[in-house]
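I opened this notebook to record what I looked up in the structure. The entries follow the order in which I consulted it.

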Amino acid sequence: QSQLSQALNGLSDRAKEAKEFLVQLRNMVQQIQENSVEFEACLVAQCDALIDALNRRKAQLLSRVNKEHEHKLKVVRDQISHCTVKLRQTTGLMEYCLEVIKENDPSGFLQISDALIRRVHMTEDQWGKGTLTPRMTTDFDLNLDNAPLLQSIHQLDFVQMKVSSPVPAPPILQLEECCTHNNSATLSWKQPPLSTVQVEGYILELDDGNGGQFREVYVGKETMCTVDGLHFNSTYSARVKAFNKSGVSPYSKTLVLQTSEDTQSEEQTLPFPVPLERSQLRRMSPFSSTLNLQPSFSGRSYFELRSSAHQLSLHSSLQSLNSAVDIKKMVAVAWFSFDPSSAHADIIFSNDNLTVTCNSYDDRVVLGKTGFSKGLHYWELSIDRYDNHPDPAFGVARIDVLKDAMLGKDDKAWAMYVDNNRSWFMHNNSHTNRTEGGITKGATVGVLLDLTRRTLTFSINEDQQGPVAFENLEGLFFPAVSLNRNVQV
């Protein structure tokens with residue numbers, strides 16, 4: 001009896017749990033019905049929104065068809081009207097000529113025959129080639145590409161909501177791997193060592209260098225990023241956060257970065273006339289470590305030979321050039337060289353990557369290592385070799401510019417290409433502003449990138465070449481050159 005009583009107590013508990021479970025299931029039936037109604041209403045609303053959008057697009061497309069219809073009718077009606085007038089004039093002339101041919105008086109006929117013959121020939125010439133050809137086709141050169149939309153409609157399905165995982169922990173900036181060089185900053189980070197939460201990517205943010213708002217500069221899976229084109233001699237704050245499907249982590253600690261510091265200033269005259277209101281710039285370090293480099297890069301000797309006779313005469317000529325505005329500015333030196341990692345494989349580097357040529361007769365592109373997105377920048381390139389009158393090009397470009405064509409052939413470069421007699425500006429394969437004056441061996445090409453005014457200007461041997469080459473420049477630009485084996489820069 002005792003054993004049976006204990007067994008019944010256990011069975012009674014199960015029966016009680018079953019009754020509670022049945023109540024829960026009945027409640028679930030009610031909840032499923034309510035959720036189904038709500039979900040169906042949401043689905044109908046979403047589909048109706050798609051149908052409304054499709055109807056609006058249909059109306060827009062029909063409007064375009066109607067405009068094409070009206071345009072075709074107008075062209076054809078104008079041609080009908082024009083042809084009718086000419087036909088009426090031609091018919092009248094023919095009838096008049098037939099009456100004249102019936103004239104029996106030879107002297108009277110001869111008085112008007114020459115003028116009439118000329119008029120007949122002139123009228124015939126007016127019915128020249130193309131006059132009796134329709135100016136408009138009857139076909140509508142419009143083809144509605146609805147295949148992608150139909151495919152999307154066929155693939156339209158529900159996304160299964162899954163149980164979310166925890167939000168990632170804030171990343172840790174690895175200070176020993178974070179550094180700056182010139183106006184570039186490299187940042188590295190990692191997840192906390194004990195974190196097991198899956199991370200799908202990271203968001204790196206920098207402020208504007210003046211304590212302003214943060215902005216995203218990188219979104220992706222990498223844990224290291226180099227940011228180019230920052231201001232020189234500026235302090236930036238950086239922070240990073242992680243994200244996954246569940247959300248975004250808190251920010252890491254904020255890291256303060258300093259771009260190239262000041263060491264000293266040198267007063268020099270700018271290479272060619274510029275507006276007086278240009279911002280004052282200062283010479284940057286590290287520069288002293290480059291004093292022993294060879295003079296194949298003339299921009300270096302411009303600053304370092306200031307006490308020699310050559311530099312004094314150069315300074316004098318530049319001062320004379322700018323005498324109309326009497327400008328003297330503080331010039332900043334930001335050191336950079338050519339970049340082997342992004343250059344075309346045919347580019348040949350020497351002189352610590354300050355000198356380049358090419359082993360191909362086709363034009364190849366090479367970029368500088370430093371990118372600019374703010375401020376006023378000027379650099380010079382010297383022509384060490386120039387054979388058989390090639391067309392090297394100089395200017396600025398995006399990092400993903402075409403490397404196997406002349407600079408300026410695509411929309412990622414803004415350039416001046418020049419031969420021994422004249423130069424042209426080129427962007428997106430558009431050639432403009434042909435200017436007399438070319439280059440020879442020993443010539444110097446100057447590039448002035450003013451990202452305050454968003455302009456690009458060129459000079460040859462310290463004289464401005466043509467007008468302002470390009471305006472409304474915005475973004476990150478790298479110094480760029482294209483050349484073949486007949487040129488060394």
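I began with terms: two strands pair if DSSP finds at least two bridges between them. Helices (H or I, at least four residues) and strands (E, at least two) are DSSP runs, numbered from the N terminus.

I noted that this is a predicted model, in which local features need pLDDT of at least 70 and side-chain atom pairs count only at pLDDT 80 or more, while totals for chains, interfaces and linings use all residues. Residues are numbered from 1 along each chain as its sequence is written, and side-chain values use heavy atoms, with hydrogens and water left out.

**Entry 1**

I looked up the strand order and found an open sheet of six strands, 14-24-17-18-19-20, with antiparallel pairing. Strand 14 (364-367) and strand 20 stand at its edges; each has a single partner strand, so one side of each is left without a neighbour in the sheet.

Methionine 416 has phenylalanine 425 in strand 19 as its bridge partner.

I also checked asparagine 433, which is found in strand 20 (residues 430-436). Its phi is near 55 degrees, a positive value in a residue other than glycine. Asparagine 433 has a relative accessible area of 38% and is therefore partly exposed. I use buried for under 20% relative accessible area, exposed for over 50%, and partly exposed for in between (1.4 Å probe, protein chains only).

How many residues of strand 15 are buried? I counted six of its seven, and I recorded the strand as mostly covered.

Strand 15 pairs with strand 21 in the antiparallel sense over seven bridges, and tryptophan 379 has valine 447 of strand 21 as its bridge partner. Strand 21 (residues 444-450) also pairs with strand 22 (residues 455-460), in the antiparallel sense over six bridges. There leucine 448 stands opposite threonine 457 in strand 22.

I ended this entry with glutamine 464, which is found in strand 23. Glutamine 464 is partly exposed, with a relative accessible area of 36%. Its C-alpha atom is separated by 9.7 Å from that of valine 445, 19 residues apart along the chain.

**Entry 1. The helix pair**

Two packed helices are described by the angle between their axes and the distance between the axes. I read an angle of about 155 degrees and an axis distance of 11 Å for helix 1 (residues 2-101) and helix 2 (residues 106-126). Helix 1 and helix 2 are therefore roughly antiparallel to each other. The classes I applied are roughly parallel for angles under 35 degrees, roughly antiparallel for over 145, roughly perpendicular for 65 to 115, and oblique for the rest.

I listed the contact (heavy atoms within 4.5 Å). Helix 1 contributes residues including Leu93, Tyr96 and Val100, and helix 2 contributes residues including Phe109, Leu116 and Arg119.

**Entry 2. Two loop residues**

I located asparagine 182 in the loop between strand 2 (179-181) and strand 3 (184-190). Asparagine 182 has a positive phi of about 55 degrees although it is not a glycine. Is asparagine 182 buried or exposed? I recorded it as buried, because its relative accessibility is 5%.

Proline 340 lies in the loop between strand 11 (329-330) and strand 12 (347-350). With a relative accessible area of 36%, proline 340 is partly exposed. Proline 340 touches Phe349, Asn353 and Lys369, not counting residues up to four places away in sequence. Proline 340 and lysine 369 are 29 residues apart in sequence, and 8.7 Å apart in space from C-alpha to C-alpha.

**Entry 3. The whole chain**

Of its 489 residues, 36% count as buried. Among contacts between residues at least 6 apart in sequence, 64% join residues at least 24 apart.

Methods. Axes fitted to C-alpha atoms, helices over the stretch in contact; angles between N-to-C directions.
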